[in-house]
Amino acid sequence: MYYDDYIWDLGGTLLDNYELSTQAFIEALASFGLSASHDEVYRYLKQSTAVAIAHFIPKENKFLQLYRENEAKRLEHPILFSGAKELLTKIVASGGRNFLVSHRDKQVISLLEKTGISAYFTEIVTSENGFARKPSPESMIYLREKYHITNGVMIGDRKIDCQAGEAAGFATLLVDGKKSLMEIVR
């Protein structure tokens with residue numbers, strides 16, 4: 001492996017959650033008598049939940065709670081992207097370390113356990129650690145300093161992942177869905 005340390009985003013990178021999140025969002029919209037196309041909701045959710053809500057239902061305060069409940073039900077059965085577990089295993093087997101940085105709360109731990117990959121991470125940083133959300137590099141600087149990372153890469157599916165990684169002094173790789181994880185990460 002080219003790098004010693006791999007800092008991962010979860011959703012859209014290792015976990016194929018956007019499809020489940022899109023379904024949950026559309027279901028929540030329907031509860032408020034609204035509808036939207038699958039592709040449009042997916043596109044907005046890829047930016048962020050806040051952007052999607054601002055676009056589709058900005059004035060309904062109860063929407064976020066209902067959406068999160070719907071999403072949590074769907075995430076009871078999380079799905080990894082093809083090759084994700086094998087890649088994490090390969091990194092650890094070659095002496096590398098994996099870290100995870102997510103804006104989600106402790107639900108991340110449950111998702112990693114359900115997919116059988118939690119043991120492959122040296123540390124998991126969630127919203128409960130109190131760091132600013134990406135693109136702030138705070139969480140990555142924390143990892144860099146705590147673990148003395150000198151040859152690391154940030155891997156994510158959005159530009160904010162790469163911005164945060166670059167600001168923390170890491171190389172970056174963008175997962176864009178055009179290539180598999182095994183093709184992107186060498």
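Colleague: Why are H2 and H3 called oblique to each other in this predicted model?

Modeller: In this predicted model, H2 and helix H3 (residues 49-56) pack at an angle of about 135°, with their axes 5 Å apart. Roughly perpendicular covers 65 to 115 degrees and roughly antiparallel needs over 145.

Colleague: Which residues make the contact of H2 with H3?

Modeller: H2 gives Glu 40, Val 41, Tyr 44, Leu 45 and Gln 47, and H3 gives Thr 49, Val 51, Ala 52, His 55 and Phe 56. These residues divide into 6 nonpolar, 3 polar and 1 charged.

Colleague: Why are H1 and H2 called roughly perpendicular?

Modeller: Helix H1 (residues 18-31) and helix H2 (residues 38-47) pack at an angle of about 115°, their axes being 9 Å apart. Angles of 65 to 115 degrees count as roughly perpendicular, so that is the term for H1 and H2. In this crossing H1 passes H2 in the right-handed sense.

Colleague: What meets what between H1 and H2?

Modeller: From H1 come Tyr 18, Glu 19, Ser 21, Thr 22, Phe 25, Ile 26 and Leu 29, which meet His 38, Val 41, Tyr 42, Leu 45 and Lys 46 in H2. The residues of this contact divide into 7 nonpolar, 3 polar and 2 charged.

Colleague: What makes S3 and S5 the edge strands?

Modeller: The open sheet has 5 strands in the order S3-S2-S1-S4-S5, with parallel pairing. Strand S3 (121-125) and strand S5 (171-174) each pair on one side only, and they are the edge strands. From one strand to the next, the twist averages 20°.

Colleague: How is S3 tied to its neighbour S2, and which way does the chain cross between them?

Modeller: S2 and S3 pair in the parallel sense over 4 bridges, and Leu 100 stands opposite Ile 124 in S3. The chain goes from S2 through H6 to S3 in a right-handed β-α-β crossover. Helix H6 (residues 107-115) packs on the sheet, where it touches S2 and S3, and its direction makes about 145° with that of S3.

Colleague: What makes the peptide bond from Lys 134 to Pro 135 stand out?

Modeller: That bond is cis, with omega near 25°. Pro 135 is in the loop between S3 and helix H7 (138-147).

Colleague: What is noted about phi of His 148?

Modeller: Phi of His 148 is near 55°, a positive value in a residue other than glycine. His 148 lies in the loop between H7 and S4.

Terms used. Residues are numbered from 1 along each chain as its sequence is written. This is a predicted model: local features need pLDDT of at least 70, side-chain atom pairs count only at pLDDT 80 or more; totals for chains, interfaces and linings use all residues. Side-chain values use heavy atoms; hydrogens and water are left out. Two strands pair if DSSP finds at least two bridges between them. Helices (H or I, at least four residues) and strands (E, at least two) are DSSP runs, numbered from the N terminus. Axes are lines fitted to C-alpha atoms, for helices over the stretch in contact, and angles run from 0 to 180 degrees between N-to-C directions. Contact means heavy atoms within 4.5 Å. Angles under 35 degrees count as roughly parallel, over 145 as roughly antiparallel, 65 to 115 as roughly perpendicular and the rest as oblique. A crossing is left-handed if the near helix is turned anticlockwise from the far one by less than a right angle, and right-handed if clockwise. Ala, Val, Leu, Ile, Met, Phe, Trp, Tyr, Cys and Pro count as nonpolar, Asp, Glu, Lys and Arg as charged, and the others, Gly among them, as polar. A crossover is right-handed if, with the strands pointing away from the viewer, the path from the first strand over the helix to the second runs clockwise.
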